[in-house]
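Keep the 3D view open as you read.

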Amino acid sequence: MKRIIITGGAGFLGSHLCERLLDEGNYVISIDNFFTGSYKNIKHLTTNKNFESIRHDITEPIHIECDEIYNFACPASPVHYQRNPIHTFKTSIFGIINMLNLARDCNAKILHASTSEVYGDPIEHPQKESYWGNVNPNGIRSCYDEGKRGAETLMFDYHRQYNTDIKIIRIFNTYGPRMNEFDGRVVSNFIIQALQNIPITVYGDGSQTRSFCYCDDLIDGSIKMMNSNDFTGPVNLGNPVEMTILDFAKNIIEITNSKSEIIFKPLPKDDPTQRKPDISLAKEKLNWKPKYDLKEGLKKTIEYFDKYLKNK
């Protein structure tokens, strides 16, 4: 039985990861300060004798014996990471230093959940891991984008200087049950608006593109990466099926049988115009690719939000 720490364990993805690793027979320790994570995401796990939840902010050091660390702690939506941009940056930089020191002390493997936002508003399309990105270093999204880029730098510096066993994944747009209702992302926004038959808000003209990966696929890729040999990454994890935001809104209306109309508002500053992962490396090194098609994943997510709204 491995002792595994998951920072951000009460978050959307972190809670799914806790669940999966418990099912695989591990002892799982969730560390979360509940800034964006929610206790309700992990409440069903608290009766498991192999699960532990610790309220802690990883910008402060912590020492717990462990074999593996999954670092998923950081607000990941613009609404949340712009609410306290300095703390967002500190979570990425001080947080990864503290987790890297813990990994070094325990001789543990550490996986860092980086992001497609390290590519910024990309000039290269689709994005390969070799692309260095096109990032504004002092815009309103920089606390997140540059924080994640800095965290990757620290991961590799610890690997080179201390031989720390590191793994880096770059997560593209991911969706599924337990998404935060108020995170401002298109999936949760559009589904909630559609279920309530209120106007669906598209920013810009809707021609910007995204690709959407279901959470179960992302968790599969994360665990495959942690268990890989002689491969540090970074590696893209996402669904390469690309669509415009306008087409995505129409999909949601169709699946929910909603009466919502689509309205348009100004595009936020530094919002990327294109986002699509090249997952060739994940296929080659991890034998990984997404299994869920968009409609299948959306139906599960819509069921979750429908039940959530009825029980509010």
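This is a predicted model: local features need pLDDT of at least 70, side-chain atom pairs count only at pLDDT 80 or more; totals for chains, interfaces and linings use all residues.

The crossing angle here is roughly 60°, and the axes of H7 (residues 245-256) and H9 come within 11 Å. As for handedness, H7 and H9 make a right-handed crossing. On the H7 side, the contact uses Phe 248, Asn 251, Ile 252, Glu 254, Ile 255 and Thr 256, while H9 brings Leu 294, Lys 295, Leu 298, Lys 299 and Ile 302. Sort those residues by class and you get six nonpolar, two polar and three charged.

Now follow H9 (residues 294-310) to its packing with H5 (residues 186-195), where the angle is about 60° and the axes are 10 Å apart. H5 and H9 are therefore oblique to each other, and their crossing is right-handed. H5 puts in Val 187, Ser 188, Ile 191, Ile 192 and Leu 195, and H9 answers with Leu 298, Thr 301, Ile 302, Phe 305, Asp 306 and Leu 309. This contact has eight nonpolar residues, two polar and one charged.

Next, the second largest pocket. How much space lies in it? About 240 Å³. Its lining takes in 13 residues, and Trp 132, Arg 149, Glu 152, Thr 153 and Arg 170 are the ones nearest the centre. Helix H4 (residues 142-162) supplies the largest share of that lining, with five residues. By class, the pocket lining comes out as six nonpolar, two polar and five charged residues.

Definitions and conventions
Residues are numbered from 1 along each chain as its sequence is written. Side-chain values use heavy atoms; hydrogens and water are left out. Axes are lines fitted to C-alpha atoms, for helices over the stretch in contact, and angles run from 0 to 180 degrees between N-to-C directions. Helices (H or I, at least four residues) and strands (E, at least two) are DSSP runs, numbered from the N terminus. Angles under 35 degrees count as roughly parallel, over 145 as roughly antiparallel, 65 to 115 as roughly perpendicular and the rest as oblique. A crossing is left-handed if the near helix is turned anticlockwise from the far one by less than a right angle, and right-handed if clockwise. Contact means heavy atoms within 4.5 Å. Ala, Val, Leu, Ile, Met, Phe, Trp, Tyr, Cys and Pro count as nonpolar, Asp, Glu, Lys and Arg as charged, and the others, Gly among them, as polar. On a 1 Å grid over the protein atoms alone, a cavity is a set of points where a 1.4 Å probe fits but cannot get out, and a pocket is an open set with protein on both sides within 12 Å along at least five of seven lines; lining residues have an atom within 4 Å of a point. Grid points are joined across faces, edges and corners, and a volume is the space filled by probe spheres set on the points.
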